[in-house]
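Colleague: I am new to this model and would like to go through the terms used for it. Please set each value beside the rule that gives it.

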Amino acid sequence: MTVTPHAIDELAGAGPRAGWLAAVLNFARRRPLGALGATVILLMVVLAASADVIAPYDPLATDYGAMLTAPGPGHWLGTDAFGRDVLSRMIYGSRTALMVGLGASLIGATLGSLIGVASAYFGGRVDLFVQRIMDVFFAFPVIILALAVVSILGTGVGNVILAIATPMVPRCARVVRSSALSVREMPYVDAARASGFGHRRIILRHMLPNVMAPILILGTAFLGEAILLESSLSFLGLGVTEPTAAWGLMLRGAAVEFAESAPWMAFFPGLAISLAVFGFNLFGDSLRDALDPRLRTQ
Amino acid sequence: MAYYILKRLLAMIPTLLGVAVLIFLLLRVVPGDVVEARYMGEGGQFQSQELMQIERKKLGLDKPLWTQFVTWMWGIVRLDFGLSMWTGAPISEEIKLRFALSLQLALMASTIATLLAIPLGILAALKQDTWVDYAVRIFSISGLAMPSFWLGILLILGMLIIFKWLPPMVFTPLWVNPWDNLAQLIWPALAVGYRYCAVGTRMMRSTMLEVLREDYIRTARAKGLWMKLILTRHALKNAILPVLTVISLEFAFLLGGLVVTEQVFNLNGLGMLFVEGIARRDYTLTQALVLLVATAFLVVNFAVDIAYAWLDPRIRYR
């Protein structure tokens with residue numbers, strides 16, 4: 001996977017000297033769906049960052065006088081079975097979702113790409129061995145692997161991040177390895193080896209930067225998936241735990257029990273998950289189109 | 001070809017062995033064991049350590065790890081999965097009905113996904129960059145974004161509010177009462193199928209776009225062939241392979257990976273069994289389950305590769 005000058009242009013804007021604003025406008029003009037995704041992501045980041053200011057209520061404050069209140073002027077999106085404000089919990093939930101999404105894809109993509117590049121660089125038996133181990137991980141459904149890790153580490157945000165990163169490592173490693181294989185044959189890698197640089201330097205300084213495009217593409221794709229996986233784990237009660245505000249957790253228990261009389265409890269958090277993943281997927285798709293000319297549709 | 005098939009079959013063995021070692025070790029790293037899980041629930045703090053040791057001995061948990069592993073593997077070789085540590089019943093019995101449920105659900109979901117994905121993907125590719133294309137793409141990206149358990153909740157809720165009707169919540173096997181069976185399973189199949197149709201649609205669209213730009217399509221058009229004929233005879237044949245691959249690989253994961261959907265629809269499939277197995281520290285059952293799902297994945301993978309070579313004469317394996 002190579003980055004053509006054209007693709008760089010597209011990311012950097014009309015010309016090398018165009019400012020970031022021009023770059024953003026250019027991206028928006030060329031890829032309206034990607035810009036839509038970026039807007040959703042931006043909105044989510046702003047909500048997460050300013051949750052303390054924006055949220056009308058404390059997300060953990062219970063109000064037994066206002067249990068299961070329908071959406072209205074006091075509580076815009078209603079309250080849950082403990083009288084907690086759904087809107088506030090959703091706003092704070094974006095914080096959890098972003099934290100888990102970013103954390104998991106960062107760890108997963110970093111570890112995965114290091115393994116992938118190293119495997120391609122050393123080749124031979126090392127490569128074969130690493131690939132066989134990756135095959136083993138591939139044979140597990142993603143959620144089963146994540147569940148197994150959670151049962152070992154226990155629940156909570158940090159452990160959920162690790163559990164979600166685990167299934168991402170082999171997938172990232174495989175894709176990055178295939179790109180790194182072609183990079184290894186490049187003259188500059190030979191040159192670096194001839195100059196007597198160590199393995200670590202060649203891998204980190206010479207090869208890794210040249211497979212950044214697929215890593216970036218995978219990383220963004222993982223983000224949406226990680227958010228989805230976090231909500232699934234939390235929904236099962238094996239992810240983020242009460243009373244932390246998390247979207248998947250909000251859909252659990254009472255939200256299902258009282259679904260008929262208080263449908264807002266089940267509806268809005270699910271909408272938030274879908275919107276967030278939708279945004280990350282749209283953005284990721286456009287990024288892929290921009291960075292990988294082979295997949296371009298034009 | 002025969003050599004290739006044999007080679008691929010043999011290559012499965014080390015992978016499966018790896019899966020077996022991994023799940024065996026992972027389960028034993030999880031704190032607690034089946035004896036603790038059982039007695040802790042019944043005010044177990046007061047249970048004497050000796051009694052728990054006796055229980056462990058009965059289950060063979062006092063033996064060294066490698067003995068336990070070899071015993072298990074020896075059983076697998078003879079296709080004997082052993083007894084569940086929690087219920088004491090043969091694992092093959094425990095898994096049988098749940099496997100039927102999961103298999104049926106996976107088959108239904110994949111069918112729905114295929115039937116939707118292929119026409120939608122073709123449509124989007126033919127009408128590239130028109131509103132039809134955008135609509136299909138938004139439809140499929142939404143499918144990827146919506147958690148299928150949420151879609152499930154909405155489906156149930158919708159039926160409850162609009163039709164005042166709930167799908168049956170107790171599983172009836174297809175051969176006992178097909179109507180009840182379908183009335184229950186069609187909803188989770190729709191919720192899951194939508195998501196997988198999204199994956200397939202995107203694949204169909206992009207491979208179709210790729211194929212439509214090929215020289216032989218231009219030649220066919222230059223010959224004055226009908227577009228309809230070009231599409232079905234020339235383009236579809238070449239574009240559909242990767243789509244079928246994606247859908248079959250997803251199918252393998254559907255078997256064990258529908259934990260959350262099963263929870264929403266109150267289905268006792270393989271996914272729920274896995275969660276129960278872990279919660280009860282039922283090593284033997286969970287191990288067997290994971291090995292089963294992994295085998296299914298490898299077999300489907302293998303079948304797809306063979307089908308590829310058979311369908312596409314350009315591919316030759318050595």
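**Terms and values**

Modeller: Leaving out neighbours within four places in sequence, A:A146 is in contact with A:A163, A:I164, A:T166, A:P167, A:L229 and A:L233.

Colleague: What makes two residues count as being in contact?

Modeller: Their C-beta atoms, placed from the backbone, must lie within 7 Å. This is a predicted model, in which local features need pLDDT of at least 70, side-chain atom pairs count only at pLDDT 80 or more, and totals for chains, interfaces and linings use all residues. Residues are numbered from 1 along each chain as its sequence is written, while chains are lettered from A and ligands numbered from 1 in the order in which they are written.

Colleague: Which residues touch the most other members of the largest nonpolar core?

Modeller: A:V117, A:A146, A:L147 and A:I164 do, in a core of 170 residues. A nonpolar core is a set of buried Ala, Val, Leu, Ile, Met, Phe, Trp, Tyr and Cys residues joined through C-beta atoms within 7 Å. Helix α14 (residues 264-291) of chain A gives the most to this core, with 16 residues.

Colleague: Why is A:L25 called partly exposed?

Modeller: A residue is buried if 20 or more other C-beta atoms lie within 10 Å of its own, exposed if 12 or fewer, and partly exposed in between, with C-beta atoms placed from the backbone. A:L25 has 15 such atoms within 10 Å, so A:L25 is partly exposed. A:L25 lies in helix α2 (residues 20-30) of chain A. Helices (H or I, at least four residues) and strands (E, at least two) are DSSP runs, numbered from the N terminus.

Colleague: What are the domains of chain B, and where do their bounds come from?

Modeller: The bounds come from an automatic or database domain assignment, which gives domain 1 (2-91) and domain 2 (92-311) of chain B. Their C-alpha centres lie 32 Å apart. In chain B, 26 residues of domain 1 are in contact with 22 residues of domain 2. The largest share of the domain 1 side, ten residues, comes from α1(B).

Colleague: How many residues does each chain give to the contact between chain A and chain B?

Modeller: Chain B gives 35 residues and chain A gives 33 residues. On the chain B side, α1(B) gives the most, with seven residues.

Colleague: What classes of residue make up that side of chain B?

Modeller: It has 28 nonpolar, seven polar and no charged residues. Ala, Val, Leu, Ile, Met, Phe, Trp, Tyr, Cys and Pro count as nonpolar, Asp, Glu, Lys and Arg as charged, and the others, Gly among them, as polar.
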